[in-house]
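Have a look first, then read on.

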Amino acid sequence: MSFVWENTLLAIIAFAILYWLLSRYAFGPLFSIMEKRRELVLTQMNEAAQTREQAIAYVEEQKQALEQARKEAHDIIEQSKQTGGKQAESILADAKAEANRLKDDAVREIESEKNKAVAALRSELGTASVQIASKLIKKEVENGPAQEELVNQYLNEVGGRQ
């Protein structure tokens, strides 16, 4: 095989012309497209990083909001327990007061009925005394066992009414 300088020189010249044409018409637009693509990728990476930071911040905000909601729910539950306890104490106090009032009313009513019964008994006793005296006068019994028997009989009758 022989080496031909003319062919090598011609190949070098053709390569140089091709390189010049490519650099003049193809490499410029190709490199600009590649540069635009590089800038687009960098922009998207920056946006992705910002979006990730925003997502992290949003998650933190949501965690704080959830924690705040839990705290508020706990406070509401505690407040409800305290309010319920106070209402229960109030209801118990009202019930005790009502029971005492009813008891006092019952005691007063019993005392009043007792006084009425005593008054009625005194009235009956007075009537009975008058009846005994009138029976004694009607029979004109002598002092003795017959009179005593009559008084005991009448007292037994009055005693049976109680």
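Helices here are DSSP runs of H or I with at least four residues, strands are runs of E with at least two, and both are numbered from the N terminus. By that count, the protein has two helices and zero strands. Its radius of gyration (over C-alpha atoms) is 62 Å, well over the 15 Å from the globule rule (2.2 Å times the number of residues to the power 0.38) for 162 residues, so the protein is more spread out than a compact globule. The C-alpha trace spans about 190 × 30 × 15 Å along its principal axes.

This is a predicted model, where local features need pLDDT of at least 70, side-chain atom pairs need 80 or more, and totals for chains, interfaces and linings use all residues. Residues are numbered from 1 along each chain as its sequence is written, and side-chain values use heavy atoms, leaving out hydrogens and water.

Now for the charges. The structure holds seven salt bridges (a Lys or Arg side-chain nitrogen within 4 Å of an Asp or Glu carboxyl oxygen), including these:

| Pair | N to O distance |
|---|---|
| Arg38 and Glu35 | 2.6 Å |
| Arg101 and Glu98 | 2.4 Å |
| Asp105 and Arg108 | 2.4 Å |

Asp105 and Arg108 sit three residues apart in helix H1, about one turn of the helix. Arg101 and Glu98 have that three-residue spacing in helix H1 too. A network of salt bridges links Glu98, Arg101, Asp105 and Arg108.
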